[in-house]
Structures are given as C-alpha cells and as structure tokens.
Amino acid sequence: MKTITQLKLPFELQTAREIFDQTWQLSKGSEITPNLLQAMVHSGAYLSGAFIDDKIVGAAFAFPATNDGLHLHSHMTAVLPEFRDRGVGYALKIDQWNWAKKKNYSHLSWTFDPLVRRNAKLNIVKLGVDISDYYPNFYGDMPDALNAGDESDRLMVSWSTDIDAPEARELITNLETGDILIEIPEDIVAIRSKNQSESMKWRRQVREQFMAAFEKNGKVVGFSANNEYVVRI
C-alpha cells in the first residue's frame with residue numbers, strides 16, 4: 001500500500017535527504033544541508049515522503065515563491081529506481097497540488113529537463129501542467145552524476161490550483177496545420193553516460209526548436225502518440 005506523509009521530525013528529514021542524495025549523487029556533500037532543510041520546513045516549506053509497506057521510496061520538497069504571484073515552487077521530487085513506474089512520483093505531485101490548494105497558493109511551478117521523456121510525459125500528459133518558459137543552462141554546471149557533462153536546460157512548469165482537481169491530457173493523434181513537433185530521445189540519461197557528443201547534439205537541437213517556437217508565441221499543448229512535444233502557434 002502506498003501512502004504520502006508530511007515529514008517534519010529531524011529523522012524524517014534525514015530519510016528525505018537520503019532519497020535526494022541517492023538520486024543526484026555527488027562525490028562529496030549533499031543536495032541540501034540538514035540545517036537548511038530544517039529551517040525551511042520549520043518556516044512553512046513542503047516536505048513529504050512516499051511509503052510502501054513502511055519503507056520510504058520517494059520524497060518531494062517545495063518552498064514558497066513570489067515571482068508571478070505567491071505560489072509553491074517544487075525544487076526536488078525523487079523516487080528510488082526500483083520503485084519507479086509504480087505511480088509514486090504521480091502520487092507525490094498530487095499530494096503537493098492538494099497541499100498547495102489548501103494553503104491558497106495560486107499555482108505550483110518547477111523545472112524539468114526537456115530531454116527526459118519519463119518526466120515530460122508525467123508532467124504534461126498525466127498531471128496536465130502548462131509550460132511557461134524554456135531556460136537554457138538554467139542551473140549552470142551541475143556536479144551530480146545524473147547531470148554531469150551536460151548543460152542544464154530546463155522547461156518551467158506552471159500548474160494552476162484554480163480547478164477542482166488536476167486533469168490529465170490525452171496523447172495528441174490529430175495535429176493541426178502549423179503544429180510544431182519536437183522529438184526527444186527515448187533515454188537521454190543512457191545516451192549521456194555513453195556518448196556525450198550525441199547527448200549534446202540532442203540538447204542543442206531541442207533547445208533551438210523550443211526557442212524558435214517560443215519566439216513565435218508557441219504553446220506546448222501536449223504530447224504526440226510518437227512521444228514528441230506538440231507546440232501550437
């Protein structure tokens with residue numbers, strides 16, 4: 001049985017940090033220090049854990065943000081590899097949405113790598129989020145094992161809380177004239193680990209296509225049945 005629980009006690013915060021550090025492995029240090037996490041949770045930040053049979057298998061961390069109105073910015077959501085594709089990430093996000101709505105935040109935001117198909121489909125199709133911006137190399141160089149050797153381009157999500165419940169999108173099978181399709185690889189993480197030049201080729205290709213489409217006021221309206229972003233002008 002899968003449950004989502006708010007984490008507040010020091011030992012609970014430690015379990016969440018371990019999930020984050022296993023996901024974004026560093027040669028030294030931590031994704032977020034214990035004192036900073038404690039201060040932020042104490043001051044009203046969101047921190048939750050996903051449990052299956054009393055074992056923590058995922059965690060999510062978010063904090064209040066003020067640009068574009070008061071909202072909740074979700075900085076990290078992670079699931080242990082052996083528990084992925086079991087709806088854990090989805091459950092964490094839905095809990096986060098419900099929490100934000102109860103706290104009267106207008107929307108949630110977060111970033112994700114546009115090349116990671118798993119995350120793109122979860123966000124755009126299953127959660128039904130909107131895409132507000134494309135940021136080239138948003139975080140600069142990232143030293144963790146998952147992102148090392150790549151540029152940290154990110155799409156910014158905007159997920160409104162002014163509806164009764166999040167609404168999923170169907171895959172788009174009927175395109176409109178002028179729709180732009182942006183292809184991404186099946187597994188950029190695997191490509192990055194084996195061939196960084198191929199990974200960077202994908203990065204620059206997708207960046208150029210998104211930036212050009214957004215300059216024309218294009219809007220991401222969904223995902224095609226062939227796993228492409230569909231941008232409508």
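1. Two rings of Phe, Tyr or Trp (its six-membered ring) form a pair if their centres lie within 6.5 Å; planes under 30 degrees apart count as stacked, over 60 as edge-to-face and the rest as tilted. Under this rule, ring pairs join Y134, F210, F214, F223 and Y229 into a cluster.

2. The model is predicted, so local features need pLDDT of at least 70 and side-chain atom pairs count only at pLDDT 80 or more, while totals for chains, interfaces and linings use all residues. Residues are numbered from 1 along each chain as its sequence is written, and side-chain values use heavy atoms, with hydrogens and water left out.

3. Over the whole structure, the search finds 12 aromatic pairs. One of them is the tilted pair of Y135 and F138, at 5.2 Å centre to centre with 45 degrees between the planes. F138 also pairs with Y139: the ring centres are 4.7 Å apart and the planes stand at 80 degrees, so this pair is edge-to-face.

4. Accessibility is classed as buried (under 20% relative accessible area), exposed (over 50%) or partly exposed (in between), with a 1.4 Å probe and protein chains only. Y135 is partly exposed at 31%, F138 is partly exposed at 35%, and Y139 is partly exposed at 31%.

5. A charge sits over a ring if NZ of Lys or CZ of Arg is within 6 Å of the ring centre and within 35 degrees of the ring normal. K93 lies over the face of W110, 3.7 Å from the ring centre. K126 lies over the face of Y90, 4.8 Å from the ring centre.
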